[in-house]
Amino acid sequence: MTSLIDDRPAPGATTRRRGPTPWRHLDPVLVLAVLAIAAFGVVMVWTTTRIPLETAGLSGIATAKKQAIFCVIGVGVMFTVAAVDYRRYRDWAPLLYGLSLFLLAGLFVAGHRSNGSQGWFQVGPLQFEPSEFAKIALIVALAAYAATFKGRLAGKSLLAVIGMGAVPFVLVYKQPDLGSGLVLLAVLAVVIVVAGARSRHLAVLGLIAVVAMVAVVQLGILKGYQQARLTSFLHTPNKVSQQVLQSPAGVNIYNVVESKDAISHGGVLGRGIGHGSATNLSQVPEQSTDFIFSAVGEQVGLAGSAVLLVLFLVVLWRTWQAAVLSRDLFGRLLCAGVLGYLLFQTFENIGMTMGIMPVTGIPLPWV
């Protein structure tokens, strides 16, 4: 049977080839997992800030509302980035990397200073933290440069990649923001491995890293409070005495002890959303930011925390799948860098709230 509609072009007409839709590779599982984590984060921010805000005579949803607005903006950025062929970012890599260094350097001139740190720009009521942009820019730049060597990263090319990671690390460390600096190093390490560095080079780099860490501690390169943060988890007591509070690591130990107590009080099923003495009485310092997982543990317990962790695992798994299925080395390195970034930051944040990792002050992604 022939079709009644003649879809052949008219004589003399030009035909236009339709390019592939940018959404054909969009991973709905990955998107839904991220949206679920972000929505859960808005709820947790609301529960940890409502009572302090109401006590101060402000709206109890003010901070959660701001968090929700940021989530909406983030979703818009996510779909905008997804609409662009990822291979174009390879051409933009030098610009993104240079812009990130410019912004990081600009902090020392016009950055907002708070609690001894100069890590963000204040734009009206909003804050912009260049170190967060630098993480993404470094991933793109490293992937673009390392991909040109087609899986044979060695010699000068390996040194160049290390140098590319070292420059933003030093600028971030000088803010000082040791936590974000460690994330940059984690990204650098993952990209070097996936880009095809040889085993003997990896062994030498590992040895250098160990020696450097020992030297940093022994030579006093780190400031006292930074060293206390990194080592406080090694000797965290169950209770905090006055003597402990007066030690260099006292504040960090106090934060971790209160966080562990809040998580343990949640039990298996938790105290319920909006309930729990540690959350409602603000017993855990920085609970709406760095230590927000303690609010998760207290309110939704082991079961709810496990659900959140499964969502993170889904994101990591789908990112790994994207790396495996990538048809070129740039795409593989791009996904690997993002995977290293998310894995390190998530494990570090949750680990520090449970007293098994150093207190570094990096947030839980999307939460």
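How are α1 and α12 oriented relative to each other: roughly parallel or roughly antiparallel? In this predicted model, helix α1, which spans residues 28-55, packs against α12 at an angle of about 160 degrees. Angles over 145 degrees count as roughly antiparallel, and α1 and α12 are therefore roughly antiparallel to each other. The axes of α1 and α12 lie 9 Å apart, and the crossing of α1 with α12 is left-handed.

Residues from both helices make this contact. On the α1 side, Val29, Leu30, Ala33, Val34, Ala36, Ile37, Phe40, Met44, Val45, Thr47 and Thr48 take part. The α12 side contributes Ile292, Ala295, Val296, Gln299, Val300, Leu308, Leu311, Phe312, Val314, Val315, Arg318 and Thr319. By residue class, the contact of α1 with α12 comprises 18 nonpolar, four polar and one charged residue.

Two residues other than glycine have a positive phi. Glutamate 286 has a phi of about 55 degrees, although this residue is not a glycine. Glutamate 286 is located in the loop that connects α11 (277-280) with α12 (292-325). Tryptophan 366, also not a glycine, has a positive phi near 70 degrees. Tryptophan 366 is placed in the segment that follows α13 (329-353). The relative accessibility of tryptophan 366 is 33%, so this residue counts as partly exposed; this class lies between the cut-offs of 20% for buried and 50% for exposed residues.

Key:
Residues numbered from 1 in each chain as written. Predicted model: local features only at pLDDT ≥ 70, side-chain atom pairs only at ≥ 80, totals over all residues. Heavy atoms only, no water. Helix = DSSP H or I, 4+ residues; strand = E, 2+ residues; numbered from the N terminus. Buried < 20%, exposed > 50% of the residue type's maximum accessible area, 1.4 Å probe, protein only. Axes fitted to C-alpha atoms, helices over the stretch in contact; angles between N-to-C directions. Parallel < 35°, antiparallel > 145°, perpendicular 65-115°, else oblique. Left-handed = near helix turned anticlockwise from the far one by under 90°. Contact = heavy atoms within 4.5 Å. Nonpolar A, V, L, I, M, F, W, Y, C, P; charged D, E, K, R; others polar.
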